Amino acid sequence: MNNVLKLLLEGEPLDTAQIGKILNLGAEAVDRELASLRTQGILLGMRAVLNPSYEAERRVRAVIEIKIRTEGTGGFDGIAERISQFEQVESCFLMSGGYDLLVVVTADNLYKVAGFVHERLARIEGVQGTSTHFFLRAYKKDGFVVTDEGTRRDQPSVSP
Amino acid sequence: MDDSARFVAQHVASLPKSGIRDFFAIVSKMKDAVSLGIGEPDFITPFHIREAAMTALEKGRTSYTDNRGTLALREEISRYVAGNYGPEYNPEDEILVTVGVSEALDALLRATLNPGDKVLYHEPCYVSYAPSVTLCHATPIPIRTVSSDQFALDPAALRAAWQPGCKVLVLNFPTNPTGGTANRQKLEEIAKFAIEKDLLVASDEIYSELTFEGDHVSIASLPGMRERTVFLHGFSKAFAMTGFRIGYACGPAGVIDGMLKIHQYGIMCASIISQEAAVEALKNGRESMLHMRDKYRERRDFIVRRFNELGLPCHLPRGAFYAFPDITSTGLDSMTFASQLLAAQKVAVVPGTAFGAAGAGFCRASFSTSYERIHEAGERIARFLDTLPARK
């Protein structure tokens with residue numbers, strides 16, 4: 001794997017100058033590498049990972065299982081791409097198993113999610129049924145365990 | 001008034017305090033210090049290993065074990081050592097599970113040394129070697145290793161240091177604090193010398209999995225050495241299990257029996273919970289161990305390059321997770337360098353002299369920490385160096 005990408009995926013908060021120093025590249029080379037990863041469509045973007053409990057006070061998040069009828073519609077891709085366009089949709093996946101699409105949405109409150117399901121999703125041609133589950137509490141997010149209360153508190157700062 | 005110190009035995013009272021302790025006292029009171037002084041993995045023990053400890057508790061496995069350790073663990077150790085290092089040890093009477101390698105080495109020295117015996121060891125080295133020898137009323141004989149030789153033990157230096165009365169040779173490759181390693185050819189010469197002088201070899205191989213270049217060779221695997229070597233190892237570094245306090249000794253039954261006497265009266269047995277976790281580490285821990293080793297290697301390359309860029313010459317350590325840069329260009333001795341760096345820029349490194357006189361002119365910087373911290377430490381050290389008259 002590309003070294004810049006590998007370092008980004010470790011999740012340490014590093015800017016391009018720091019990455020350049022670590023990889024002995026120089027900040028400009030890191031910028032070029034990042035630009036190339038974007039052009040290739042490998043790197044879609046970078047955003048901060050917030051503690052879900054901080055987010056939860058401001059937004060609600062739900063996962064919606066969607067069953068789809070494909071006859072006479074745009075097929076899975078057509079419907080999934082359409083659903084993905086809504087700004088409330090954080091992610092959208094085609095799934096194997098008991099339903100077809102898994103959609104993660106965020107909104108200001110529960111009613112707005114309900115509105116999205118009834119007024120947007122349910123009206124889409126081919127959507128047969130939905131099942132909505134609200135997130136209550138997060139224990140791990142994007143690789144970060146969020147319930148860990150200073151596991152290493154007792155580690156001495158200097159040891160032999 | 002507490003005058004209880006008068007009860008302390010003379011040979012204990014005269015032991016110097018560890019330089020690291022004083023340093024720790026200062027750092028621990030300091031807020032926002034960047035510490036490169038930590039002598040343990042920055043990884044938390046892999047979860048499957050922690051879970052094995054939880055399962056032990058859940059199942060009520062909270063008793064004493066056999067003094068030697070559980071047979072299940074000794075059998076796993078036997079397989080692991082044979083598979084990775086070569087020599088085969090009988091789990092029945094050639095393996096002793098201890099509370100870390102420190103206990104194993106202490107028990108070995110106490111089991112083998114008579115007052116006045118001499119013990120050879122290479123320096124700079126782990127802080128406990130010389131004091132443990134002194135506590136046995138024996139004499140530590142350091143052999144200097146040097147940075148131009150990547151702190152490997154030169155067999156000629158060993159020969160020169162030898163004197164009548166030497167009974168034990170302590171080896172530690174890869175070495176804390178230098179990351180020094182010994183290749184097969186050097187080990188063969190050392191082994192030949194040990195046989196010639198009838199030395200017992202205590203080989204502390206706690207960092208052996210963290211060897212970044214070449215294959216680790218254990219001296220116990222060389223011809224004629226199994227019968228005069230005690231192979232010391234543990235779980236702290238490779239499996240990030242420092243707090244579990246589990247180590248072991250493998251060696252000929254006669255010596256292990258001697259160690260067992262000390263262990264059974266002084267310790268009884270290692271914690272059963274830790275022993276259960278150790279079994280899991282040996283059975284299923286290889287993947288996480290290799291992952292951690294890769295991370296250490298990447299961080300090593302960065303910190304070593306950084307020290308060299310800063311004009312503090314640093315050899316590439318071939319094992320362990322410590323860089324050991326030469327700080328003589330600063331015009332400061334090791335202790336002054338470390339103290340001033342801490343006071344001025346709040347970066348903690350350990351003065352090389354904490355690891356013996358041969359560490360003078362160096363400091364130890366652990367790269368078992370995040371890129372962000374190593375980067376920040378590098379920036380702060382650069383600022384510190386700019387203020388030194390010798391560097392202007």
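Predicted model: local features only at pLDDT ≥ 70, side-chain atom pairs only at ≥ 80, totals over all residues.
**Entry 1: two helices in chain A**

Two packed helices are described by the angle between their axes and the distance between the axes, so I looked up both. For α2(A) and α3(A), the angle is about 105° and the axes are 8 Å apart. Angles of 65 to 115 degrees count as roughly perpendicular, so that is the word I wrote down for α2(A) and α3(A).

Which residues make the contact? From α2(A), I noted T16(A), A17(A), I19(A) and G20(A). From α3(A), I noted A27(A), A29(A), V30(A) and D31(A). Sorted by class, this contact has five nonpolar, two polar and one charged residues.

**Entry 2: the loop joining them**

Next I checked the loop between α2 (16-23) and α3 (27-39) of chain A, where I found N24(A). Most residues other than glycine have a negative phi. N24(A) is not a glycine, yet its phi is positive, at about 60°.

Then I turned to H137(B), which sits in the loop between α6 (129-135) and β4 (139-144) of chain B. H137(B) is another residue other than glycine with a positive phi, near 60°. I counted 12 other C-beta atoms within 10 Å of H137(B), and a residue with 12 or fewer is exposed, so H137(B) goes down as exposed.

**Entry 3: cis peptide bonds**

The bond from F173(B) to P174(B) is cis, and its omega is near -10°. The bond from N176(B) to P177(B) is also cis, with omega near 20°. Where are these prolines? I found P174(B) in the loop between β5 (166-171) and α8 (184-196) of chain B, and P177(B) lies in that loop too.

**Entry 4: stepping back**

Last, I looked at the wider layout. Chain A is divided into domain 1, residues 3-39, and domain 2, residues 52-137. How far apart are the C-alpha centres of these two domains? I have 34 Å in my notes for domain 1 and domain 2 of chain A.

I also looked up where the chains meet: 13 residues of chain A are in contact with 22 residues of chain B. On the chain A side, I listed six nonpolar, five polar and two charged residues.

Definitions and conventions: Residues numbered from 1 in each chain as written. Chains lettered and ligands numbered in written order. Contact = placed C-beta atoms within 7 Å. Nonpolar A, V, L, I, M, F, W, Y, C, P; charged D, E, K, R; others polar. Domains from an automatic or database assignment. Helix = DSSP H or I, 4+ residues; strand = E, 2+ residues; numbered from the N terminus. Buried ≥ 20, exposed ≤ 12 C-beta atoms within 10 Å, placed from the backbone. Axes fitted to C-alpha atoms, helices over the stretch in contact; angles between N-to-C directions. Parallel < 35°, antiparallel > 145°, perpendicular 65-115°, else oblique.
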